[in-house]
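Biologist: I'm new to this structure and would like to learn how to read it. Could you walk me through it?

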Amino acid sequence: DEPLENKVNAFSGDVVDADAATMPLHWLYDTDEIVELLKKKSKMASPEFYQPPSSPFYKYKQGALSPYGDEALPLLRSVVKHGEVDPSALADDLFASFKTYKGRLNHASKGFMLNMEKGRRWPHCGVDDDQAHSLVKVAIVVARYAGKPEMLEKMEQAIRVHQDNELAVEMGLAAAQVLERIVLGSTIAEALDGNGAHGAASRSTRRIA
């Protein structure tokens with residue numbers, strides 16, 4: 001089998017590539033509109049890197065990451081810098097990155113920034129927001145901690161730095177468990193139903209999945 005380190009390194013790169021590839025059609029909620037756009041450009045079989053970028057909420061250049069991808073980069077850089085998810089350091093790294101960010105800063109990040117500016121450092125910096133930002137962090141944390149007993153603890157810390165909200169944490173942990181099982185060799189079906197070789201999925205994971 002291919003070494004786990006190779007798998008997770010390749011996976012991390014694929015996540016970044018996939019974000020950039022899908023950015024042009026990000027936040028288009030009308031699937032009929034997406035189909036119409038793709039048909040006009042004969043892109044139904046290859047929708048990635050659609051030209052021109054057509055998100056109704058922001059206008060980024062082709063090849064750029066989405067706001068979610070941009071949000072993930074400070075976490076990735078923090079993990080590379082410190083070798084781990086260090087929540088205190090991550091809070092400082094997120095704050096420094098968001099201060100200079102020129103793109104679309106979301107509600108959760110604005111709330112996090114306000115907390116940090118008021119001196120609310122870890123573990124009091126996260127904002128009570130249940131949107132999907134916890135999922136942004138899953139691939140990076142799993143890539144670093146897949147197969148390690150501290151994976152869920154580190155996943156929760158990475159989420160709570162930004163979002164101190166129970167639903168956000170539950171969703172992020174569930175997604176991390178599914179992805180970890182896939183990285184460790186389970187099929188997608190096994191990862192979702194808990195019948196693979198890497199332990200049973202939790203009740204919340206199965207419910208959310």
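Modeller: We'll go through the fold, the core and the aromatic rings in turn. This is a predicted model, where local features need pLDDT of at least 70, side-chain atom pairs count only at pLDDT 80 or more, and totals for chains, interfaces and linings use all residues. Residues are numbered from 1 along each chain as its sequence is written, and side-chain values use heavy atoms, with hydrogens and water left out.

Biologist: How many helices and strands are there in the protein chain?

Modeller: Helices (H or I, at least four residues) and strands (E, at least two) are DSSP runs, numbered from the N terminus. Here the protein chain has 11 helices and zero strands.

Biologist: What share of the residues counts as buried?

Modeller: Buried means under 20% relative accessible area, exposed over 50%, and partly exposed in between, using a 1.4 Å probe and protein chains only. Of the 209 residues of the protein chain, 44% are buried.

Biologist: Which residues of the largest nonpolar core touch the most other members?

Modeller: A nonpolar core is a set of buried Ala, Val, Leu, Ile, Met, Phe, Trp, Tyr and Cys residues joined through side-chain atoms within 4.5 Å. The largest one has 32 residues, and F112, V141, V142, M155 and V161 touch the most other members. Helices that each supply at least two residues of this core include α5 (107–117), α7 (138–145) and α8 (151–162). There's also a second, separate core of six residues, with L28, L37, L38 and Y50 among them.

Biologist: What is V142 in contact with, beyond its neighbours within four places in sequence?

Modeller: Contact means heavy atoms within 4.5 Å. With those neighbours set aside, V142 touches M151, A176, L179, E180 and V183.

Biologist: And how many aromatic pairs does the count come to?

Modeller: A pair of aromatic rings is described by the distance of the centres and the angle of the planes. Rings of Phe, Tyr and Trp (its six-membered ring) pair if their centres lie within 6.5 Å; planes under 30 degrees apart are stacked, over 60 edge-to-face, and the rest tilted. The count is five. One of them is Y58 with Y60, tilted at 4.4 Å centre to centre and 50 degrees between the planes. F98 and F112 are edge-to-face, because their centres are 6.0 Å apart and their planes are at 90 degrees. F98 lies in helix α4 and F112 in helix α5, so this pair ties together parts 14 residues apart in sequence.

Biologist: Are F98 and F112 buried or exposed?

Modeller: F98 is buried at 7% relative accessible area, and F112 is buried at 0%.
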